[in-house]
Amino acid sequence: MTDPRHPAYNAFKYIGRRRRAVEHRRFVTGQGHYAADVALPGLLHVAIVASPYASARIVSIETAEALAMPGVHDVLTGEELTSQIEPMLPGVDAPKVARYPLASGVVRYAGEWVAAVVADTRALAEDAAERVLVEYEQTPHVMDTEAAMAEDAPQVHPAHGHNIIWHRKFVWGPVDDHFSGADHQLSYRARWARSSTVPIETFVATCAWSDATQILDVWASIQMPKYPDLLAKCLRLPGNSVRVHFDVDVGGSYGVKRGLKHSILVGYLAKKLGRPVRFLEDRLENMRGGDMQGPDRIFDVTLAFDGDGTIRSMRMRAIDDIGAYSGRSPLQLGKPVGAIVGPYRIGSVEYDAYSVMTNKTPQEAVRGFGQAPTNYAIETGMDKVARFLNMDRIALRRKNLIGKDEFPYLIPSGTHYDSGDYETVLDKALAAAPYEEILKQRDLMRAQGKLAGIGIATCLEPSGGNSAFEPLFNAKNETTTWMDACLIRIDLNGAVTALMGTSTSGQAHETLVSTVVGEILQREPDTVRVLHADSLNALPSNSPVGSRMAIMLGGAAAGAAKILKAKLLAIAAHNFKVSDDALTYEDGDIFLRSEPTQRLSWKALVEIAHRKYHCMPAGMEPGLQEKFCWEVPTGGKLPTEDGRVQMYPCHSFECHVVLASIDVDTGKATLHRYVVGHDCGVMISPDVVHGMTYGGVAHGLGAALLEKFAYSDEGQLLSGTFMDYLLPSSEEVPSITIVDHCTPSPLTVFGQKGSGEAGYLGGPAAIASALNDALATVDVSVDELPMTPQSIWRVLRPASLLTKETI
């Protein structure tokens, strides 16, 4: 890893410097505070009765035997629950696709929750759940995504009329003209199989209702925009009757800790029973019915290009299998709109996007919100064009990369890329490999009869997520702001405290805020205390999704700190009887520029604000407490009629270089060298950025080689345990070299961009590129992820037989 050296860092005292994350102390010492650590008197526990069928009518539910067991307090069915709550929102304009925590009347996927048993302990609840007798009548189901699109397919939601919950064809620019004028066209199919993030902590929700205050207190391992508001709406409670405690640590999320249905269920039970209630998923509940599976996408792509390698236009059809219900999952087809051409100078695009329902576990938001599959599809095409033209893959990318002098760059879908220097990042990554050396290693392995290849991926990471995809996917939704806020107070003793209104799932937001506040106020960041408010004391926030918190929370914290700094300067100016521009602010002290010995210390300034009103400017409010609410840069607008939109304000860039080999006998892939060139603008906390990048590469490796939620034709999840759903370990994850570059964003306070999805957004594409480079020596390829040993072995068998016959 390299330290930041860009001149932009010269302006900062604390930003960009190596610093231990504030949160690490409590994690390393075992003093983290998680939702499952909340110990409430009289706590009850929930276990789930789940459907064994992919599609069935519920004939009857017998609960008497379970209710008669000692320690059992309730068995809740969908019939009762759905009559007492509002359905969860589908995310798109599909009012007849109703979704509740418990099934009522029918089940639509194997693992769907049918009843909830509440008992004194989780073990008692599980025992009682086995005594709940449910009679089902199986009905037709559909598991294949494309088959589900047929008119005669079994309908997952008959009231909706078909299984396509959302479809729109976008045409940006003169696609037909570019195709007719191009020298060549090349079509291919790429497949991204369903996987997820599978954090160590499953979802946890603990709720307690107080009749005295009429408040539902909630502790949950949550990462979800508008969670308190949606929870209150679904429970038919006023918004100020739900208090979500954001000060619990979240044991990993990467987008999947939505948990709204879990929380509705537990909140309803806590209110009904007058006792605190907890539901802590076991691993099977999490993987089979926890709504945490990710994109399941088919791409059919045609590229139009000239003989010199210039990519003229692209037609892309993307079909995403969202499973049995819709939340925000269809919107994962939306984020790629803001980077639909990747980092390339492609003049026009046709994007035909389908969101399809099947009888699978519902999909939810996963790291990158649908961008990683699209990056994989685009990069697959770049490699195929290079092979078609017999052109070097790096040279092809150089030919089409947007130049550093072309920013801000407008892509066909209406998004401006803020800044970048893609070719320099590519050069840095190749130099760090070093490329000539790994070429020799690849060729040596090939000479020894092995399959070896080098992978290249140059991908974008849109960041600073805004609300643009909501009105783009649903014209009835006119949301145009995704603000975030921060409140800062300086107490009488001069200590600085900052308050944010969101939870943290490992992104080190306390470190982010303390660094930013310390930078503006020029106070040592380790002295700045950062707290998580609860939702009744909180400031507006849209949570840490879309790689947005460095941009949005960082910008809000900087805004509040600047207001306080200006107030301190105004106090000093009043006392010195000069204008603000005659003063210098240094480490919290303020002095006359013309006579530095004339100064007011930090302590003196704070005391004036809190105690000496007679020394303050007329009309100024006493005390030192300010908040700032920041709108997403470039946000605040509705899409145009043809779907052009500024989807994200900032665009980080990553280049991956991978050397890999394949065991011919088993199909097992091994990664020998891995380099990431990364540019996310100014890094507020380099160690945090590097950690997220490293973890993102590991996550991408899993998606590329191992992880898949597989289903049988009968609709049964075949990979519901870690014996079948394989995660990368230290054996599979190689040593990773991260090379930094910095092109500051002109849109943010310090030039920062987002980095929470780094590594993952380019890793799968690069690994696939390396393995297909190896497979190209025997004239085969695998264009479906994950590239498991079995899938590689299957394509190698015919290739090896052909080779032997030829010999």
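**Salt bridge, hairpins and pocket in a predicted model**

Modeller: In this predicted model, Asp526 and Arg19 form a salt bridge whose closest N and O atoms are 3.0 Å apart. The two residues belong to distant parts of the chain, 507 residues apart. Asp526 sits in the loop between helix 15 (509–521) and strand 21 (528–532), while Arg19 sits in the segment before helix 1 (24–28).

Biologist: Why is the contact of Asp526 with Arg19 called a salt bridge?

Modeller: The term requires a side-chain nitrogen of Lys or Arg within 4 Å of a carboxyl oxygen of Asp or Glu. Arg19 and Asp526 have their closest N and O atoms 3.0 Å apart, so the pair qualifies. The structure holds 50 salt bridges.

Biologist: What makes strand 22 and strand 23 a pair?

Modeller: Two strands pair if at least two bridges are found between them. Strand 22 (residues 583–586) and strand 23 (residues 589–592) are joined by 4 bridges, and therefore count as paired. They run antiparallel, and Tyr585 has Ile590 of strand 23 as its bridge partner. Their hairpin has 2 residues between the strands, and Asp587 takes a positive phi near 55 degrees there.

Biologist: Which residues are closest to the centre of the second largest pocket, and how much space lies in the pocket?

Modeller: About 650 Å³ of space lies in the second largest pocket. Its lining comprises 35 residues, and those closest to the centre are Leu89, Pro90, Gly91, Leu230 and Arg328. Helix 7 (227–234) and helix 8 (260–273) are the elements that give two or more residues to this lining.

Biologist: What makes a lining residue of this pocket count as nonpolar, polar or charged?

Modeller: The class follows from the residue type: Leu and Pro count as nonpolar, Arg as charged and Gly as polar. The lining has 15 nonpolar, 9 polar and 11 charged residues.

Biologist: Which domains contribute at least three residues each to the lining?

Modeller: They are domain 2 (44–139 + 221–279) and domain 3 (297–464 + 648–801).

Biologist: Which feature does UniProt place at residues 29–140?

Modeller: The unreviewed UniProt entry gives "domain: Aldehyde oxidase/xanthine dehydrogenase a/b hammerhead". Over residues 29–140 the chain is 17% helix and 31% strand, and the end C-alpha atoms lie 53 Å apart.

Conventions: Residues are numbered from 1 along each chain as its sequence is written. This is a predicted model: local features need pLDDT of at least 70, side-chain atom pairs count only at pLDDT 80 or more; totals for chains, interfaces and linings use all residues. Side-chain values use heavy atoms; hydrogens and water are left out. On a 1 Å grid over the protein atoms alone, a cavity is a set of points where a 1.4 Å probe fits but cannot get out, and a pocket is an open set with protein on both sides within 12 Å along at least five of seven lines; lining residues have an atom within 4 Å of a point. Grid points are joined across faces, edges and corners, and a volume is the space filled by probe spheres set on the points. Domain bounds come from an automatic or database domain assignment. UniProt positions are given in the numbering used here, feature names are shortened, and annotations may be inferred rather than shown by experiment.
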